[in-house]
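Work through the exercises below with the sequence and the model in view. Each task is followed by its solution in steps.

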Amino acid sequence: MSKIIKQMEMAALKTSFAGVRDAVFMKVVGLNAVADNQVRLGLRKKGIRLQMVKNSLARRVFDDMGIKIEKAWEGATTVAWGGTSIAGLSKEIEAIKKKYDKLVTVKSAVADGQEVAFELALKMPTREEAIGRVLSLAMAPAARLVSQILAPAASVASQVKTISEKKEEAAPAPAASAPAEAAPAAAAPAAAAPAATA
């Protein structure tokens, strides 16, 4: 291959991989054209792209981008990139790997410009999960502060409620005995009236 053609291919690869920080490297051998097309179309709908690369040129391109990859350059190499995060990308590639078990082999992964094992990339949080964790960590001190401020007030409120409930329980008892006292008083004048006529 002439130097000019290599330079043109490297320029095309640099354009394709511009800004890529998350990727999965795999070996796809023996996948027929129909299955390959179905895989690519399914991934494209999810924003994931696949490209088969020449190892020596791709290695140079990634080195120029500041991404050092050691384990991905043996045998045929297909690079998958895109999606919302390395976890989402890895999960999609894992599904393809399970479907075409003997034809697709995952070599390595790159997460935020660092080479990682594919198994680790599968366990990483998705973008949404990471944002949720950060927000919960950021909100935790504020929630604790609010609970500390409200705890004494809640304690005082519960004590006031308990005291008012005790007063309500004590108040109906004299009211219930008042009609009982009124009944003997009404009976006493009636008993006194016949005594006066005798």
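**Exercise 1. Start from Glu92: is this residue buried, partly exposed or exposed? Then find its salt-bridge partner.**

Step 1. Glu92 has 24% relative accessibility and counts as partly exposed. The cut-offs are under 20% relative accessible area for buried and over 50% for exposed, with partly exposed in between (1.4 Å probe, protein chains only).

Step 2. Its side chain meets that of Lys46 in a salt bridge, 2.8 Å from N to O. A salt bridge here is a side-chain nitrogen of Lys or Arg within 4 Å of a carboxyl oxygen of Asp or Glu.

Step 3. Locate both ends. Lys46 sits in the loop between H2 and strand E2 (48-53), Glu92 in helix H4 (residues 86-99). The two are 46 residues apart, and the pair links distant parts of the chain. Helices (H or I, at least four residues) and strands (E, at least two) are DSSP runs, numbered from the N terminus.

Step 4. Lys46, at 48% relative accessibility, is partly exposed.

*Ground rules.* The model is predicted: local features need pLDDT of at least 70, side-chain atom pairs count only at pLDDT 80 or more, and totals for chains, interfaces and linings use all residues. Residues are numbered from 1 along each chain as its sequence is written, and side-chain values use heavy atoms, leaving out hydrogens and water.

**Exercise 2. Contrast the salt bridges Lys14 to Asp64 and Arg40 to Asp36.**

Step 1. Take the distances. The closest N and O atoms are 3.4 Å apart in Lys14–Asp64 and 3.1 Å apart in Arg40–Asp36.

Step 2. Place the residues. Lys14 lies in helix H1 (residues 3-16) and Asp64 in helix H3 (residues 55-64), so this pair ties together parts 50 residues apart in sequence. Arg40 and Asp36 are 4 residues apart in helix H2 (residues 33-45), about one helical turn.

Step 3. Asp64 is exposed at 52%, while Lys14 is partly exposed at 39%. Arg40, at 31%, is partly exposed, and Asp36, at 24%, is partly exposed.

Step 4. The protein's count by this rule is 5 salt bridges.

**Exercise 3. Which strands pair with E1, and in what sense?**

Step 1. E1 (residues 23-28) pairs antiparallel with E3 (residues 77-82) over 4 bridges. Two strands pair if DSSP finds at least two bridges between them. Val24 stands opposite Ala80 in E3.

Step 2. E1 also runs antiparallel to E4 (residues 104-111), joined by 6 bridges. Here Phe25 stands opposite Ser108.

Step 3. From the N terminus, the order is α-β-α-β-α-β-α-β-β-α-α-α.
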